[in-house]
Amino acid sequence: MTTLSPRRILLVDADAFFVAVARQEDPEGAGKARLLIVGGRPGSRGVVCSASYECRAYGVRSAMPISRALKLCPQATCVPVPRGACSARSKEIQQVLARFAPIVQASSIDEWYCDMGGTEALYGHESLEATAHRLRDAVFAATGLTVSIGGGTSRLVAKMAVELAKPKPGTGATGVRCVEPGTEATFLGPFRLADLPMVGPRFSATLARMGLDTIAEAQRWSETDLQARLGARAGAWLYRRVRGIDDSIVTPREVQKQVSREETFGRDLHDDDQLERELLRLAVRVSTDLRRQGLRARTVTVKLKDADFTTRSAQRTLAQPIESEKSVIKAARGLYRTLRGKRRVGVRLLGIGLSHFDDDAAGTGHAVQLGFFAPPPLPADGDPVENAKDRALTRALDQIRGRYGSAAIIPARLLDQATDTGPRVEE
């Protein structure tokens with residue numbers, strides 16, 4: 001009888017990724033700032049994307065308003081997110097991981113799962129921890145960035161282990177923490193139940209009312225007792241979770257669900273002309289992002305955050321997929337005007353999202369006959385009409401912008417820069 005080897009899963013987490021990249025991009029500025037916040041300039045209305053470990057000691061956290069973060073740590077240096085550099089470094093790290101692991105799944109821009117199954121002989125049957133150190137050294141040699149790695153028999157255990165691997169000041173962590181097969185329950189025991197992925201505040205409160213705070217306390221309950229108190233499904237799920245049982249697999253690529261761009265303005269905008277110019281600016285950017293990934297989208301979403309922090313959105317699914325900025329702005333403008341017509345107050349944030357991607361020949365390298373004189377597809381009432389000629393023109397503009405810069409050719413309406421919308425935080 002064949003005995004299956006335990007799974008070997010690694011979670012690779014880039015250490016303070018946005019902070020590290022910002023320091024690489026500006027070694028004389030951000031690079032010399034021990035207290036560094038990445039997310040926006042002082043006085044902006046953005047939020048913290050990331051902060052150095054030294055800043056976190058003051059209570060600065062991700063998603064915190066920049067203004068609040070600077071009250072907690074007034075001596076910190078604030079810089080915008082270096083988005084292009086972050087994207088490039090993320091791809092570089094993933095390329096290194098692909099040299100070591102047969103399956104790599106990007107969980108986010110700075111986090112990757114690696115399934116090391118079947119590589120034991122390749123690495124001389126060394127321990128998973130030794131392979132993780134080897135991988136960590138290779139990433140640093142290739143990118144100059146450090147990563148922390150958690151390992152175990154499941155994605156869940158690897159996720160929990162990476163938190164103890166991170167070399168935070170005073171922890172003595174080495175950057176790698178792997179959990180031996182059969183010790184998962186013991187390893188998880190000291191964690192709080194609230195630390196488990198997918199255990200949110202409401203579920204934590206329910207467990208607290210049952211007298212359960214730590215994973216070790218929940219491990220003492222039988223599956224039957226947990227089901228009696230939480231219900232059959234939730235009880236069975238928690239019983240497996242606190243023992244590190246997680247059958248989810250590492251897949252080569254997560255299916256992208258949306259491409260989006262947002263901006264938070266330095267002051268609330270009330271003027272529709274100003275707002276529609278900002279909408280156009282976002283349409284140019286988000287449609288460029290779409291084409292760079294070889295995608296076309298059928299669903300357009302416009303998002304507004306009003307001055308009182310009320311968030312509203314509207315979306316429309318089109319009969320035909322689109323990719324050009326002309327089509328995106330036409331669809332987005334109608335949605336924006338619908339939202340504004342329902343509530344005319346100051347706007348704090350504006351965003352456009354594109355989703356429901358088409359998987360035809362766009363961006364796949366297959367030749368497509370342009371058909372300049374072909375009749376356009378029949379759209380639904382009010383849909384933007386986009387044919388092969390429109391797409392060819394848009395891609396020609398992309399080539400020019402790629403060679404001479406994003407401002408080489410822009411819509412004429414964006415040439416007038418006289419109107420000030422205050423500091424921006426693009427998200």
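**Exercise 1: Cysteines**

Cysteine 114 is buried, at a relative accessible area of 0%. This residue belongs to a predicted model.

Solution. 

**Exercise 2: Salt bridges across the sequence**

Task: State which parts of the chain are tied together by the pairs aspartate 213 with arginine 192, glutamate 323 with arginine 296, and arginine 343 with aspartate 306.

Solution. 
1. The structure holds 21 salt bridges. In one of them, the closest N and O atoms of aspartate 213 and arginine 192 are 3.1 Å apart. Aspartate 213 sits in the loop between helix H8 and helix H9, and arginine 192 in the loop between helix H7 and H8, so the pair joins parts 21 residues apart in sequence. Aspartate 213 is partly exposed at 33%, and arginine 192 is partly exposed at 42%.
2. Glutamate 323 and arginine 296 meet at 3.0 Å, N to O. Because glutamate 323 lies in the loop between strand E11 and helix H13 and arginine 296 in strand E10, this pair ties together parts 27 residues apart in sequence. Both glutamate 323 and arginine 296 are buried.
3. The N to O distance between arginine 343 and aspartate 306 is 2.6 Å. Arginine 343 is in the loop between H13 and strand E12, while aspartate 306 is in strand E10, so the parts tied together are 37 residues apart in sequence. Arginine 343 is partly exposed at 28%, whereas aspartate 306 is buried at 0%.
4. A network of salt bridges links Asp306, Asp308, Arg312 and Arg343.

**Exercise 3: A side chain in a strand**

Solution. 
1. Glutamine 105 belongs to strand E5, residues 103-108.

**Exercise 4: Confidence**

Task: Identify where pLDDT stays under 50.

Solution. 
1. The protein chain averages a pLDDT of 85, and 84% of the residues score at least 70.
2. Over residues 359-379 pLDDT stays under 50, and the model has 20 contacts beyond four places in sequence for them.
3. Residues 423-427 likewise stay under 50, with 27 such contacts.

Key. Residues are numbered from 1 along each chain as its sequence is written. This is a predicted model: local features need pLDDT of at least 70, side-chain atom pairs count only at pLDDT 80 or more; totals for chains, interfaces and linings use all residues. Side-chain values use heavy atoms; hydrogens and water are left out. Buried means under 20% relative accessible area, exposed over 50%, partly exposed in between (1.4 Å probe, protein chains only). pLDDT is the predictor's confidence in each residue, from 0 to 100. Contact means heavy atoms within 4.5 Å. Helices (H or I, at least four residues) and strands (E, at least two) are DSSP runs, numbered from the N terminus. A salt bridge is a side-chain nitrogen of Lys or Arg within 4 Å of a carboxyl oxygen of Asp or Glu.
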